[in-house]
Amino acid sequence: KGTDCGRVGLITCDKNYGCPAFFQNGATKQDDTIAGGVCLVLSLFFLLICLMGLVNVLQRGLMGMSTRIIYKATNVPGV
């Protein structure tokens, strides 16, 4: 314990395997912050697109059933 092994951070380049994908050796904190922000924005965008698609598919799949239920519920004779 307490010795410097030359490793900085959790991810490093290995002599046998090379560097992991999308890893830049010697990146600054600002580079990491910008990359994290870009990934966050992209992930939120894709999440929004997927949720909109899911809602659209569910609406189309249930539209016939919900239309019949609404028609039966509103076609009640007056008292």
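Biologist: Start with Cys50. Buried or exposed?

Modeller: Exposed. This is a predicted model. Cys50 has 55% relative accessibility, so Cys50 counts as exposed.

Biologist: And why does Cys39 count as exposed?

Modeller: Because its relative accessibility is 53%, and exposed means over 50%.

Biologist: How many disulfides does the structure hold?

Modeller: The count is 0.

Biologist: New topic. What secondary structure does the chain have?

Modeller: There is 1 helix, with 0 strands. Helix H1 covers residues 29–74, and Met65 is found in it.

Biologist: Which residues form the nonpolar patch on the surface?

Modeller: Met65 belongs to it, along with Leu40, Leu44, Leu47, Leu51, Leu54, Leu58, Leu62 and Ile69. Together they have about 870 Å² of accessible area.

Biologist: Last one. What share of the chain is buried?

Modeller: Buried residues make up 0% of the chain's 79 residues.

Conventions
Residues numbered from 1 in each chain as written. Predicted model: local features only at pLDDT ≥ 70, side-chain atom pairs only at ≥ 80, totals over all residues. Heavy atoms only, no water. Disulfide = S-S within 2.5 Å. Buried < 20%, exposed > 50% of the residue type's maximum accessible area, 1.4 Å probe, protein only. Patch = residues over 30% accessible without salt bridge, like charges linked within 9 Å, V, L, I, M, F, W, Y side chains within 5 Å. Areas by Shrake-Rupley, 256 points an atom, 1.4 Å probe, with all protein chains shown as cover. Salt bridge = Lys/Arg side-chain N within 4 Å of Asp/Glu carboxyl O. Helix = DSSP H or I, 4+ residues; strand = E, 2+ residues; numbered from the N terminus.
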